[in-house]
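Work through the following exercises with the sequence and the structure beside you. Try each task before you read its solution.

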Amino acid sequence: MPPAIIAALVVVIFLLLGTVVFPAVNKKQFEKMPFEQQVRILMKQAKGLSYFKNISDGSSGTLYYVKNKRKIYSYPWVYRDGKMICTRGDLFEKWDYPEDSLPFSAEERELAISELETFNKKNLIKMHLDLD
């Protein structure tokens with residue numbers, strides 16, 4: 001076999017592993033972890049004062065909002081009509097982490113909504129909330 005074909009096969013195998021296999025394994029490992037470990041990973045991954053991480057499972061999933069690497073709020077969603085529709089009933093009642101946190105203040109609620117609007121501007125599929 002010529003070296004060019006061997007090199008091409010090696011590149012294709014590494015691309016396949018890096019784009020399909022490893023992300024799927026990492027996602028499954030993340031989902032199996034206890035909530036406390038998931039929180040630690042999300043806080044380590046957070047960049048800046050606000051950070052969003054979407055963990056999808058096909059037509060449903062959860063969008064995590066991390067604020068100041070210390071507070072986490074989750075938006076569970078389902079995909080319908082080209083939109084991610086939030087299925088959470090008690091929007092902005094209190095933070096998911098830490099569990100003993102106070103309810104959202106009016107300022108925190110407005111900030112979370114504006115951060116979500118910024119997230120929606122950057123992404124093709126938008127998260128829709130029922131704020132009424």
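The expected span of a helix is 1.5 Å times one less than its number of residues, and helices (H or I, at least four residues) and strands (E, at least two) are DSSP runs, numbered from the N terminus. The model is a predicted one, in which local features need pLDDT of at least 70 and side-chain atom pairs count only at pLDDT 80 or more, while totals for chains, interfaces and linings use all residues. Residues are numbered from 1 along each chain as its sequence is written, and side-chain values use heavy atoms, with hydrogens and water left out.

**Exercise 1. Compare the span of helix H3 with the expected span, and then decide which residues of H3 are buried and which are exposed.**

Step 1. Helix H3 has 17 residues and reaches 25 Å from its first C-alpha to its last, which is close to the 24 Å expected at 1.5 Å a residue.

Step 2. Buried means under 20% relative accessible area, exposed over 50%, and partly exposed in between (1.4 Å probe, protein chains only). By this rule the buried residues of H3 are Glu108, Ala112, Ile113, Glu115, Leu116, Phe119 and Asn120.

Step 3. Around the axis these residues cover an arc of only 165°, which puts them on the same side of H3; the arc is that of the directions from the helix axis to the C-beta atoms.

Step 4. The buried residues of H3 pack against S1, S2, S3, S4 and S5, where contact means heavy atoms within 4.5 Å.

**Exercise 2. Find the buried residues of helix H2, and state which elements they pack against.**

Step 1. In helix H2, which runs over residues 35-45, the buried residues are Gln38, Val39, Leu42 and Met43.

Step 2. Seen down the axis of H2, these buried residues fall within an arc of 130°, so they line one face of the helix. Arg40 and Lys44, on the other side of H2, are exposed.

Step 3. The buried residues of H2 pack against helix H1 (3-32), strand S1 (50-56), strand S2 (60-67) and strand S3 (71-80).

Step 4. Take Gln38 as an example: Gln38 counts as buried because its relative accessibility is 10%. Leaving aside neighbours within four places in sequence, Gln38 is in contact with Phe30, Glu31, Met33 and Tyr64.

**Exercise 3. Describe the order of the strands in the sheet and the way S1 and S2 pair.**

Step 1. Two strands pair if DSSP finds at least two bridges between them. Five strands form an open sheet in the order S1-S2-S3-S4-S5, with mixed pairing.

Step 2. The edge strands are S1 and strand S5 (127-128), each of which pairs on one side only.

Step 3. S1 and S2 pair in the antiparallel sense over seven bridges. The bridge partner of Lys53 in S2 is Tyr64, and the bridge partner of Ser50 in S2 is Lys67.

Step 4. S1 and S2 form a hairpin with three residues between them, and Gly58 in the turn has a positive phi of about 85°.

**Exercise 4. Name the residues with the most contacts inside the largest nonpolar core, and classify the ring pairs of Tyr73 with Phe104 and of Tyr75 with Phe92.**

Step 1. A nonpolar core is a set of buried Ala, Val, Leu, Ile, Met, Phe, Trp, Tyr and Cys residues joined through side-chain atoms within 4.5 Å. The largest such core has 17 residues, and those with the most contacts inside it are Leu63, Tyr73, Tyr75, Phe92 and Met127.

Step 2. S2, S3, strand S4 (83-86) and helix H3 (106-122) each supply at least two residues of this core, and H3 gives the most, with four residues.

Step 3. Rings of Phe, Tyr and Trp (its six-membered ring) pair if their centres lie within 6.5 Å; planes under 30 degrees apart count as stacked, over 60 as edge-to-face and the rest as tilted. A search of the whole structure finds ten aromatic pairs.

Step 4. The rings of Tyr73 and Phe104 have centres 5.2 Å apart and planes at 75°, so this pair is edge-to-face. The pair links Tyr73 in strand S3 with Phe104 in the loop between S4 and H3, 31 residues apart.

Step 5. For Tyr75 and Phe92 the ring centres are 6.2 Å apart and the planes are at 80°, so this pair is edge-to-face.
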